[in-house]
Amino acid sequence: MTATDGPSPNGGGPGDGPEATTGADGPAVAGAGPDGGSPAAGQDPVGGDPVGHRQGDTVAGVVRQWQAVHPGLDTGPMEIIGRINRCAALLQQAEDAPLRRAGLSRPEFDLLGALRRTGHELTPGELARETFSSGAAVTKRLKQLTERGLVERRGDTRDRRVAHLRLTDAGRELVDGILPAQLAYETAALSGLDAPEQGELAALLGELLAQLEGRLGALRS
């Protein structure tokens, strides 16, 4: 999100889009996934649960079901990871609306955002690292963005195999036009938490993210 430029894992990582780690199309918790639809009348537009009944969230129900099937199982991790994935899925469903109106996918906007926020040219490899995407995925998206006139490439004078990429004026204007709408959505989505709660949540998520970024490779090996 503005974090909107940030990770959303899949295949290579967070920047790989809806098929990626936000869980927008994948299970939010073991055995359950986001419904993929709009909230019903009387429901919280972000959480999907009836307003005023947030303690009975979707993941709580899933956890109770697993506890009934496996009474001795520690479902504590599921209660955290499941809620993170569920929140990410629901947030992305609404947050992507400005991108859809602009004819962009989230992974494409992640690439544009990386070029905008770093403020200088990047190679495809650097963009892959910035957006946690695979090289092949970045190459495909860059081709589409270049054809739309949003990104331009410059060959390296010393190595013809290397390309340097930057935003065109149109690309810069597009990013700067979309970003405020996404930030406005994020502000509305978090409005149920007061400033201290948001600060505490940000700190806890930051600590978790730092640990995962340092250890996830070891956990997968």
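Reply:
**Salt bridges and the strand pair**

Asp176 and Arg116 form a salt bridge in which the closest N and O atoms are 2.9 Å apart. Asp176 belongs to helix α7 (residues 169-189) and Arg116 to helix α4 (residues 106-118), so this pair ties together parts that are 60 residues apart in sequence. Asp176 is partly exposed, with a relative accessibility of 35%, and Arg116 is also partly exposed, at 34%. The model under discussion is a predicted one, and a search of the whole structure finds nine salt bridges. In general, side chains of opposite charge can pair when their charged atoms come close.

The strands provide the setting for the pairs described next. Strand β1 (residues 151-155) pairs with strand β2 in the antiparallel sense, over five bridges. Within this pairing, Arg154 has His164 of β2 as its bridge partner. Strand β2, which covers residues 163-167, is mostly covered, with four of its five residues buried.

Arg154 also takes part in a salt bridge, formed with Glu121, and here the closest N and O atoms are 2.6 Å apart. Glu121 is located in the loop between α4 and α5 (124-131), whereas Arg154 is in strand β1, so the contact ties together parts that are 33 residues apart in sequence. Glu121 counts as partly exposed at 24% relative accessibility; residues under 20% would be buried. Arg154 is partly exposed as well, with a relative accessible area of 36%.

A further salt bridge joins the side chains of Glu152 and Arg166, at 2.8 Å from N to O. Glu152 lies in strand β1 and Arg166 in strand β2, so this pair ties together parts that are 14 residues apart in sequence. Glu152 has a relative accessible area of 32% and is partly exposed. Arg166 counts as partly exposed too, at 39% relative accessibility. These contacts belong together: salt bridges that share partners join Glu121, Glu152, Arg154 and Arg166 into one network.

Through Arg154 of β1, the loop between α4 and α5 is tied in by Glu121.

Notes. Residues numbered from 1 in each chain as written. Predicted model: local features only at pLDDT ≥ 70, side-chain atom pairs only at ≥ 80, totals over all residues. Heavy atoms only, no water. Buried < 20%, exposed > 50% of the residue type's maximum accessible area, 1.4 Å probe, protein only. Helix = DSSP H or I, 4+ residues; strand = E, 2+ residues; numbered from the N terminus. Pairing = 2+ DSSP bridges. Salt bridge = Lys/Arg side-chain N within 4 Å of Asp/Glu carboxyl O.
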